[in-house]
Amino acid sequence: MADDFMLDLAELRNIRNIAKRPRVVSLISSEIRKLEKVICLTLAEEAGSTVTSQTQTPSPTLTPTPTPISTAKMVSNPAVNYLTLGSFSWEQDNDKVKIYVSLEGVDQEKMEVVFKPMSVDVKFHDVQGKNYRCAIPKLNKEIVPEKCKVVVKPTRVIITVPKASKGNWLDLHFKEDKLKPNVDKGGDPMAGIMDLMKNMYEEGDDEMKKTIAKAWTDARSGKAADPLKEYR
């Protein structure tokens with residue numbers, strides 16, 4: 001049920017983005033706030049039920065497997081030290097993305113380039129006695145690695161990456177949708193719900209924070225009201 005409400009919420013937000021008349025925007029915004037409260041109450045009730053179930057039926061403790069994290073500062077060869085180029089500019093059109101790295105004295109023969117469907121990793125060796133690295137561990141969307149290219153200019157390097165599918169990117173880096181629960185089926189069944197409620201709490205206004213806090217308290221104490229009452 002919570003998934004259906006999340007889809008409704010996303011559609012309402014899309015409609016609000018294209019609405020032009022102030023009264024229409026106000027009405028849609030009011031409905032969005034109501035639906036956000038319903039979602040909070042529903043998630044809190046589900047979380048409370050899960051806590052109760054886990055208390056009544058103890059389950060064996062599972063040791064989570066550490067997940068490796070890719071960052072731009074990780075290097076494959078520990079003997080080589082790289083200075084991370086974290087600042088660069090980029091632009092796009094419907095078919096490709098261009099990344100501009102400001103760096104003088106680059107020798108194209110001393111570059112190491114690795115393109116993958118969701119990542120870019122370019123290493124510059126022996127640039128005025130130093131090694132540099134420009135890496136994006138997770139791009140916004142997929143690219144076509146075999147069509148990527150790097151052009152070296154006197155004062156900068158241009159990295160061109162064709163998009164796997166045409167369209168506009170909102171950002172160069174991948175950003176996870178905070179409104180989508182991240183549920184690990186092999187771990188805590190309540191983790192996804194808790195993460196979603198935490199994100200909504202952090203991004204919500206004072207009224208939303210009070211609603212979430214009250215909903216969680218009521219759910220834990222068994223006093224939760226029917227969150228679907230208004231929609232039945």
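Predicted model: local features only at pLDDT ≥ 70, side-chain atom pairs only at ≥ 80, totals over all residues.
Trainee: Where do I start? Which residues touch the most other members of the largest nonpolar core?

Mentor: V101, L103, V120, F124, I159 and V161 do, out of 24 residues in that core.

Trainee: Which strands supply at least two residues each?
Mentor: β3 (96-102), β4 (111-116), β5 (119-127), β6 (130-136) and β8 (156-162). β5 gives the most, with four residues.

Trainee: Switching topic. How many salt bridges does the structure hold?
Mentor: Six. One of them joins the side chains of K123 and E112, at 4.0 Å from N to O. That pair links distant parts of the chain: K123 sits in strand β5 and E112 in strand β4, 11 residues apart.

Trainee: Is K123 buried or exposed?
Mentor: K123 is buried, because its relative accessible area is 5%. E112 is partly exposed, at 34%.

Trainee: What about D121 and R133?
Mentor: Their side chains also meet in a salt bridge, 2.4 Å from N to O. D121 is in strand β5 and R133 in strand β6, 12 residues apart. Both D121 and R133 are buried.

Trainee: And D171 with K175?
Mentor: Another salt bridge, 3.0 Å from N to O. D171 is buried, with a relative accessible area of 19%. The cut-off for buried is under 20%, so D171 makes it. K175 counts as exposed at 61%.

Trainee: Last one. Which residues gather in the patch of negative charge on the surface?
Mentor: D3, D4, D8 and E11. D8 lies in helix α1, residues 2-18. D8 is partly exposed, with a relative accessible area of 38%.

Methods
Residues numbered from 1 in each chain as written. Heavy atoms only, no water. Patch = residues over 30% accessible without salt bridge, like charges linked within 9 Å, V, L, I, M, F, W, Y side chains within 5 Å. Areas by Shrake-Rupley, 256 points an atom, 1.4 Å probe, with all protein chains shown as cover. Lys, Arg positive; Asp, Glu negative; His and termini not counted. Charge placed at Lys NZ, Arg CZ, Asp CG, Glu CD. Buried < 20%, exposed > 50% of the residue type's maximum accessible area, 1.4 Å probe, protein only. Core = buried A, V, L, I, M, F, W, Y, C linked by side-chain atoms within 4.5 Å.
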